[in-house]
Amino acid sequence: MLNFNVPHVKNSTGEPVWKVLIYDRFGQDIISPLLSVKELRDMGITLHLLLHSDRDPIPDVPAVYFVMPTEENIDRLCQVIQAGKVTI
């Protein structure tokens, strides 16, 4: 999931392809005991944020969303899309 369903890829400089991980509380409860911040960085996660936190857009950086399909989360995703904080 964190590598977009492809083998771990590094760019020409040997660095991972950087991305943002956005999760809800449920996703946080799953990821936190399994992966350390260092392991996330090794997988190219440069920033990890809660879905419902306020944030600025980060252009040209792919994002991985790990959230439950609840009405509240879907509403938040719609808000984020309408505000132009994510490209589809």
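Tutor: Happy to. Let's start with Gly84, which has a positive phi of about 75° and comes just after α3. Before we go further, note that this is a predicted model, where local features need pLDDT of at least 70, side-chain atom pairs count only at pLDDT 80 or more, and totals for chains, interfaces and linings use all residues. Residues are numbered from 1 along each chain as its sequence is written, and side-chain values use heavy atoms, with hydrogens and water left out.

Now step back into the helix itself. Helices (H or I, at least four residues) and strands (E, at least two) are DSSP runs, numbered from the N terminus. Helix α3 covers residues 71-82, and its 12 residues should span 16 Å at 1.5 Å a residue; the end C-alpha atoms are 16 Å apart, which agrees. The expected span is 1.5 Å times one less than the number of residues.

Which residues of α3 are buried? They are Asn73, Arg76 and Val80, where buried means under 20% relative accessible area, exposed over 50%, and partly exposed in between (1.4 Å probe, protein chains only). These residues cover an arc of only 60° around the axis, so they sit on the same side of α3; the arc is that of the directions from the helix axis to the C-beta atoms. In general, an α-helix has 3.6 residues a turn, so residues three or four places apart point the same way. The buried residues of α3 pack against β3 (63-66), with contact meaning heavy atoms within 4.5 Å. On the face turned away from that buried side, α3 carries the exposed residues Glu71 and Gln82.

The loop between β2 (45-50) and β3 holds Asp60, whose phi is near 65°, a positive value in a residue other than glycine. Asp60 counts as exposed because its relative accessibility is 80%.

Next comes Phe66, which is in contact with Ile31; leaving aside neighbours within four places in sequence, Ile31 also touches Leu21 and Leu40. Ile31 and Phe66 are 35 residues apart in sequence, while their C-alpha atoms are 9.4 Å apart in space. Ile31 belongs to helix α1 and counts as buried because its relative accessibility is 9%.

Helix α2 (37-42) has a pairing of its own: the side chains of Asp42 and Lys38 meet in a salt bridge (2.9 Å, N to O). A salt bridge is a side-chain nitrogen of Lys or Arg within 4 Å of a carboxyl oxygen of Asp or Glu, and the structure holds one. Because Asp42 and Lys38 are four residues apart in α2, about one helical turn separates them. Lys38 is exposed, with a relative accessible area of 56%, whereas Asp42 counts as partly exposed at 41%.

Of its 88 residues, 25% count as buried. Among contacts between residues at least 6 apart in sequence, 68% join residues at least 24 apart.
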